[in-house]
2 protein chains.
Amino acid sequence: MNAELIAVGSELLLGQIANTNAQFLSQQLAELGINVYFHTVVGDNVHRLEQAVNIAQTRANLIIFTGGLGPTKDDLTKETIARIVKRELVIDEEALRSIEAYYARTKRTMTENNKKQALVLSGSVVLKNDYGMAPGMALTVDGITYMLLPGPPKEMNPMFIRYARPFLLGKLKQHERIESRVLRFFGIGESQLETEIEDLLERQSNPTIAPLAGDGEVTLRLTAKHSSAIEAQKLLDETEQAIVKRVGQYLYGYNEDTLFTKLMERLNAHGKTIAAAESLTGGRFTAELTVIPSASKAVKGGIVCYTNEVKERVLFIPSEILETAGAVSEQCAKLLAEHVRNVCQADIGISFTGVAGPDPLEGKQAGTVYIGIATAGQETEVHALMLAGDRETIRTRAIKYGCFAVLKRLAAAV
Amino acid sequence: MNAELIAVGSELLLGQIANTNAQFLSQQLAELGINVYFHTVVGDNVHRLEQAVNIAQTRANLIIFTGGLGPTKDDLTKETIARIVKRELVIDEEALRSIEAYYARTKRTMTENNKKQALVLSGSVVLKNDYGMAPGMALTVDGITYMLLPGPPKEMNPMFIRYARPFLLGKLKQHERIESRVLRFFGIGESQLETEIEDLLERQSNPTIAPLAGDGEVTLRLTAKHSSAIEAQKLLDETEQAIVKRVGQYLYGYNEDTLFTKLMERLNAHGKTIAAAESLTGGRFTAELTVIPSASKAVKGGIVCYTNEVKERVLFIPSEILETAGAVSEQCAKLLAEHVRNVCQADIGISFTGVAGPDPLEGKQAGTVYIGIATAGQETEVHALMLAGDRETIRTRAIKYGCFAVLKRLAAAV
């Protein structure tokens, strides 16, 4: 089954909202093993909607519409499809009763145009709307299935899950399972990763391997199809192993993991606490960790030592170090990590010092970063980095690097 | 000019990301008075991309592509457009130098496929990428303008604003000026704001007034059209004055201002420094302020006193206070603000303590927030709030409230 998603609504073309319905439906259809080859967005305009449907008919056998089922004049999806597939619109008694009940319940007066919402394509399977008035519907004509869903996500999403998904599962001839897994990497660029696994990428078919880069990380989405879910998982395992053999040292997690959730999980698993001295990063490392509800166990706190004054007064960095090596130096990063660990009484002290830019600092150029990691009974390690990007990118990459380095240290400690 | 937006990327068809680029570009084009009639999303597939371009050519004279300019095999937008419009791809020397400089600066090895990013359509206007490697480009062939932009929003958005928008303005035949201004409000809800200016909203025509709510703030976008830019600005001024008369006390800024940039601007204008004690907010207040390049003048630093241990050891909160009133209390907020001011030697001390949730703390429910503001020679003020939302929303609203409260205090001090 090849699907095209057509979202109807001028608010999308004006940029008032993003087409998140297409994202939701794409995820859902991918899980069902239905290919989605095109998304189309069209305004509340009969002529252009007809045009979009005519094009979709040439390239899809499942066309899913979102939006344009409401009571107002500019809601015209049903009317347009009815004309195209030459079907009448008929009142769905159950939908009408439910609309009437809604008005009775909320003690509001039902207007004539609200009845319009109970109209469905004659002969279609009606999809109940548990969170609104306009029902959805699905109808197959000449080998093409037309599915009409409401626009508001809080109506559309549950309608899809509860009623549209089972309808589609019934249509799917063979029950091919689609299983996917996202591998998350840090510390390797997209092009380097692709070079390392070039042959795997070239001969991919099942599973498919899709790389995606963003925010200093790279992911590989593996997607396998098989009639058995267990076999599909086995296919994923095999491909993952082949990838890990090449670039396993950069793999930090799977699916919805982030470096921060992963670090929190590992800290809690090891029963370790952490505290951060943040100059360069101004508090963002601690802020990202404390977004996670379980943070209070592992995060002791931190010192945002943005000025040398605070480095000296709160973290006891000798003024000689600041004057000779400078605040942006290996020595300073080392002492900051060790001292914040002591001041906050944590197992692990981590420090971030560097130049976020745009201007150089202490004669060091933007992107110069030192990260210190101090633990009990081990030598403090300092990572010297040169990062690219604007202020925010440099800071983001620095705190992610910090997470990754602590994760490595925790892994080595086991 | 009629535009169609074509987003290229299988990650969109798999639902891994939403097509927020289309939303951004639609807003931008609407402001320029350019109609957008279709959005199309297509995967990393030459045949289907060609199909999409052929269709767009029949219904648009401006086709804007996002995505597919990267270094990897599945990035094929440039190659496909080049074939369709029968142009060569040629190396853009400036882009190549900037890519080489990036690799030199970050001491990484440039791979052969990175060079591919410097290829542009022969004869096109090159649009600089200030935040990444792939340049954009624009080329008009047979009356149709093809504009190719990178996929990552943080590269695409600034490229559009800085280089693509001026290019399009130059193309627009009739120079009706569209001038717009965004008024930014804090501390008033969207429906209350709309009620206060209901009559203005009802009789709006030129300028138009568009409210938008998000992240605890409300904005009004005023858009005026006139053949003269000066007259358009006058229309904006008049409408702004009428609005300010009603709700001026909630107005904090304009256009790209944020509460954080505004606070930084006011701190620097007053020559004042600030330090924060962050329990609830885990460092995010200081992190948001230090994103701004001029932060080093005004931000002394901060203490992330996530645990009571750090509150006692670093900020000298008496254990009696923590045991009786608790960490989430007016008294604690007051002392935290005063002590962080002293410890970091700042003019203003601000503190955030509260319950981010999801679970209650010290018998206080999620959303309970105390913000303290301490200055020299004035009584410390403590704001007791009850905020709604999840962890991140509560933290975001708290730090914005903190900014707004300090702004008010600075304004009163003049």
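This is a predicted model: local features need pLDDT of at least 70, side-chain atom pairs count only at pLDDT 80 or more; totals for chains, interfaces and linings use all residues.

Residues are numbered from 1 along each chain as its sequence is written, chains are lettered from A and ligands numbered from 1 in the order in which they are written, and side-chain values use heavy atoms, with hydrogens and water left out.

Let's begin where chain A meets chain B. The contact (heavy atoms within 4.5 Å) takes in 74 residues of chain A and 72 residues of chain B. Putting the two together buries about 5,900 Å², with 56% of that coming from carbon and sulfur atoms; buried area here is the accessible area (1.4 Å probe) that two parts lose on being put together, summed over both. On chain A's side, Leu13(A), His39(A) and Tyr306(A) supply 9% of the buried area, more than any other three residues.

Now look inside chain A. It splits into domain 1 (2-171), domain 2 (177-254) and domain 3 (259-413), with bounds from an automatic or database domain assignment. The centres of domain 2 and domain 3 of chain A, taken over C-alpha atoms, sit 31 Å apart. Each of these two domains gives 7 residues to their contact. About 750 Å² is buried between them, and carbon and sulfur atoms give 64% of it. In domain 2 of chain A, Phe186(A), Asp215(A) and Tyr252(A) lose the most area to domain 3, together 66% of what that side buries.

Next, find helix α3 of chain A, residues 46-57. (Helices are DSSP runs of H or I, at least four residues, numbered from the N terminus.) Which of its residues are buried, meaning under 20% relative accessible area with a 1.4 Å probe, protein chains only? They are Arg48(A), Leu49(A), Ala52(A), Val53(A), Ile55(A) and Ala56(A). Seen down the axis of α3(A), these buried residues fall within an arc of 160° (using directions from the axis to the C-beta atoms), so they line one face of the helix. As a rule, an α-helix has 3.6 residues a turn, so residues three or four places apart point the same way.

Finally, zoom in on Asn114(A), in helix α6 (residues 112-115) of chain A. Asn114(A) counts as buried because its relative accessibility is 6%. Its side chain joins that of Tyr103(A) in a polar contact of 2.9 Å; such a contact is a pair of N or O atoms within 3.5 Å, where within protein one must be able to donate a hydrogen and the other to accept it, and residues adjacent in sequence count only if both atoms are side-chain atoms.

Technical notes:
Helices (H or I, at least four residues) and strands (E, at least two) are DSSP runs, numbered from the N terminus. The expected span of a helix is 1.5 Å times one less than its number of residues. Buried means under 20% relative accessible area, exposed over 50%, partly exposed in between (1.4 Å probe, protein chains only).
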